[in-house]
Structures are given as C-alpha cells and as structure tokens.
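Visitor: I would like to learn how to read a structure like this one. Please show it to me.

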Amino acid sequence: MENSNPIIKIDHLTYRYEKENVLEDISIEIPKGAFLGIVGPNGSGKSTLLKHLLGLIKVQQGEIRLFGTDIRSFKEWDRIGFVSQKANSFNTGFPATVFEVVLSGLTRKIGLFRFGSREDRKKVHAVLESVGMREFENRNIGELSGGQQQRVFIARALVSEPELLILDEPTVGVDAQNVNQFYDMLENLNKELHITLVLVTHDIGVISDKVTHVACLNKNLHFHGSTMEFNALKEQDLSSIYGHGVQVITHQH
Amino acid sequence: MISGLFQYEFLQNAFLTGIIIGVLAPLLGVFVVVRRLSLIADALSHVTLAGIAFSLLLEKKLGILAGLNPLYMGMTFSVIGALFIERLRNVYKHYQELAIPIILSGGIGLSAIFISIADGFNTDLFSYLFGSVSAVTRMDLWIIMGICILVIIAIIVLYKELFLLSFDEEHARASGVPAKLIHFIFILLVALVIAASMRIVGILLVSSLMTLPVAASIRIATGFKQTILYSVLFGEAAVVGGLFLSYYLDWAPGGTIVLLAILILIATILYKKIRLRMV
Ligand SMILES: Nc1ncnc2c1ncn2[C@@H]1O[C@H](COP(=O)(O)OP(=O)(O)OP(=O)(O)O)[C@@H](O)[C@H]1O
Ligand SMILES: [Mg+2]
C-alpha cells in the first residue's frame, strides 16, 4: 500500500560530469516513512544523487518525482530538510548565533518579503530544546564543538517541519559516543515523528540496526532492499561493491 | 567648525553625506566581508574611477555632459563592472577570485587612458582619489540620500535571504531561495554604495570603509545583528570623527577617516585580548 505513493521516485537517472558517468541508470523508490541508508565508496556518486533530490543539480537524463511531482516543476522545497556533508567545514568565524542559524532554516517557509513572527521564534526554541541545544542559543556558532554544531544544523533542517530529511554524512567529525546518540535521535525522528529519512553514511555497521532500507551505490545501484535483506548479504558481495579490505562490523544487541 | 556647519552649505553637505555613508558602507560591508568578497569592493571602486575620468574627459574635450554630475557615470561604470564580475565568476567557476584582478586592472587601465587623452585634469581628480570635504555638492547629497533609502529598504526586505545566502549558499539554493537573483541585487547595491562613498572617502579608500569597521565589530560582537550594529557604530564614529579632524588639521578626509577606523580596529583587538586574560 505505502509503495503505491512513494515520497521519492527515481527512474533511470543518469548523470554525466565531463564525459564520465557519475550516476548510471539509477531507479529507486523511497516509500513514506522509510529510513534509507545509502552506502558506497568515495566518489561513488552519493552526494551527487542527493544533490539531485535537493534540486541543486538539474536532471540530465531520466526522471525524479518528489511527493508525486516532477522535480522540474517541484516548488515546495520547505517540505525537505537537508544536512550537508560540508556542514562541519563551514566558515567557523561566521558571526551568527545558534538562534540566528536555526531561524534561517525558516527562510523559505516565511517567504520572500515577509518577516519572522513570534510563532517562528517559538518554533526555533522548541527545536533547539529537542536537540538539547537550547542553552547555547545565544552563542556564536563558531564557538561550539563539532558535535554541537551538527546538532544545530539538524535543528536548522528540522525547524521547518519537513516531511523528508536528507543527510549527507552528518557524523563526520563527531566523536563515537555522540555518533550513537545522533543515530538514536534520527531513529526517533523516524519512528515518533514519521519523518522519512535519507542518510548517506560510511558507518554501515552502526546503522544496520536503525535503517529500514539500504541502498549500495557505486555509479550504478548495486543493491537496494530492506535492511534484513542487506544484513543477509555475504561479505564478499559487499566487497565487490566497496573494493577489497572492507570490514563490515554489524552491531549485535 | 560647529558654527561653520551652520554657515557653510558645503560643510553641511559633507557632514550629512558622511553620516549617510557611515551607515551604508559598513552595513553592506558586513555582508561583503562574511561572504569573503572584500576585494570586490576594491575592484569596483577602480572601475568607478574610470567612469569618473570618462565623464571628466567628455566634459573637457567635447563639452558634452558639462554640468552632469560625474557621479552618474561613475555609478554606471561601477554597475557594469559588477555585471562583468558576475560573468567572469561563472566563467572561472573554480577560480572565482580571478574576476577581481581582471576587473580591477581593467578599471585602472581605462582610467589611465582617459586621463592621458584628456591631458590631465585639474585638481578635481585628486579629490575623487582621496576624498574631499569641499567637493560635495547639494546634488551629490540628494543622490546619496536616494541610494541610502534604496539600500536600507533592500537590506530590510531581503535580510533573511541575504543572511542565509551568506552563511550557507548551498543550503539557500536547496531551500529554494532565488540565490542568483538575490546575489545580483546585492552586487548592484555594493556598486551603488561604492560610487556614493567615493566623494567623501575617495576611490582608493572606499573599500576600507566597508571592511575596517566590520573587522573591528567581528572581534567583539555576538551574533549577526550585533555585528551589523557595531559595524555601523564604528563606521559612523570614524566618519564623523575623521571629518572633524580633517577640517581642523586640513588633512584629506578619506585618509583621516581610514586611520581612525584602523585605530578603532586596534582598540577592539586589544580589548578582546585584555578581556580574555581577565577571564
Ligand atoms: N561539480 C563537480 N566537480 C567535480 N567533480 C564532480 C562534480 N560533479 C561530480 N563530480 C564527480 O562525481 C563523482 C562522484 O562524486 P560524489 O561527491 O557524488 O561522491 P560521493 O559518493 O559523495 O563521495 P564521498 O564519499 O567522498 O563523499 C566524483 O568522481 C567526482 O569527481
Ligand atoms: Mg559525498
């Protein structure tokens, strides 16, 4: 039933960059409420795929539908939240408070030629509370640790109450303990708030008990299925995607 | 000077212009600095100079445009220069800063040619280079007031978009903000403010009025709004103080203003150091 109305539907997407295919014939459907983990080696096109979904790259060949609308005419970008791979390499000297950064997540929702209301400020406070960063709201963003900054960027993505959250390696530079907390938080968003998640990560092991679906990308889509099917994959199959010497450590609880 | 302010129109013009510029330059300067575009201000000011030289040349050789404010031609050149920078930034996607030396040297080259064709100008050009208290006309004042209103309205209306674009351009584009259009409007505003500021501080020092107060403010401010507030306060202090000093000491106002701005910058750096040591 839920598959009849996927939030994201990608059909035969191929993307060339300077004479080389970066993505080749990708077809994938992401149902509402899914938590999809995308894995693949460096340069396999993961970020490129996500950029397509965010409208940052124009579709060259194939088709993408978001919420049932062709991406070329899609306008409701405030339904999608985004935490980028580069979030933790931003200009740390930027003079903005945590509050200001999170409020900027509402820019599109508030709309051009309009100003934020008291309602919007309340939303910022609530979302900062939910990621445990309320007490830092008046600090400059550059004064926080990498893990704290990442929470702020999550808050910025969540403040517009998106139905779909897209994350590109959000845990780079976050220490191990906080990484676990972070994935717990994502799982919560998915289970409690029913936000559909698309997560690019290299921590296959850590997420294999959190995500509902896995996609293995290396230019082509090598595998796409439920987490159970993924966990049943043999290690050889994975190393055929990743190259040699990949150790997949699955979490056992 | 206080009594002079009531007596002489040129002093009133200079002061009112200075007060407006003291707000505008640092206000836009905050966005210029955080977007790492400081050098664009320099490039555009040199293009403005070419425009002014061109206007003076036409006036001297052909007698046309006589009586037309050279500021108009300066503004036109500045805006065209801004358009060129944008084009070049798209051509050299991975070396965006290359656009700046290209436009800057183009501006100086053109200025030099215009000046040589004209066989030199009178002292007028000097006042455009380093600023002048006596050169500001009532008409200049009106033009600059118009620019001021335009810029302030644009900044207020586009504040949240400009903030997002400055902080995280990719995120701005991903959330559907018309990034290209807003960036374009922003560059046009910068071009206008540079042309407007040049009367008082001079072409060679315009960019410093956009960057020095911001550099000082960033040392001690918390948050973006406070950064803007302090930048404008510092800019205003430097301009008003600089104009007074330059009038009494008979120094070039541009130089005096910039030196004051540097003093303020040093003071904020020391202040920060001392405060850190006390904690
Ligand atoms: N604008 C671009 N500039 C440079 N290279 C690009 C560009 N677009 C695509 N590519 C190429 O696309 C390929 C895929 O890059 P992409 O960033 O999508 O990989 P990734 O899977 O996200 O890698 P990583 O794990 O390192 O983040 C790379 O080989 C890259 O060289
Ligand atoms: Mg990537």
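Visitor: How many Å separate an oxygen atom of ligand 1 from an N or O atom in the side chain of Ser47(A)?

Guide: A polar contact is a pair of N or O atoms within 3.5 Å; within protein, one must be able to donate a hydrogen and the other to accept it, and residues adjacent in sequence count only if both atoms are side-chain atoms. Here the distance to Ser47(A) is 2.7 Å. Lys46(A) also has a side-chain N or O atom 2.7 Å from an oxygen atom of ligand 1, and for His202(A) the value is 3.4 Å. The protein buries 62% of the 650 Å² that ligand 1 exposes when taken alone (Shrake-Rupley method, 1.4 Å probe).

Visitor: What should I know about the model and its numbering?

Guide: It is a predicted model, in which local features need pLDDT of at least 70 and side-chain atom pairs count only at pLDDT 80 or more, while totals for chains, interfaces and linings use all residues. Residues are numbered from 1 along each chain as its sequence is written, chains are lettered from A and ligands numbered from 1 in the order in which they are written, and side-chain values use heavy atoms, with hydrogens and water left out.

Visitor: Which helix gives the most residues to the shell around ligand 1?

Guide: A helix is a DSSP run of H or I with at least four residues, a strand a run of E with at least two, numbered from the N terminus. Helix H1 (residues 46–53) of chain A gives the most, with 3 residues.

Visitor: Which strand is joined to S1(A) by 5 bridges?

Guide: Two strands pair if DSSP finds at least two bridges between them. The strand is S4 (residues 61–66) of chain A, antiparallel to S1(A).
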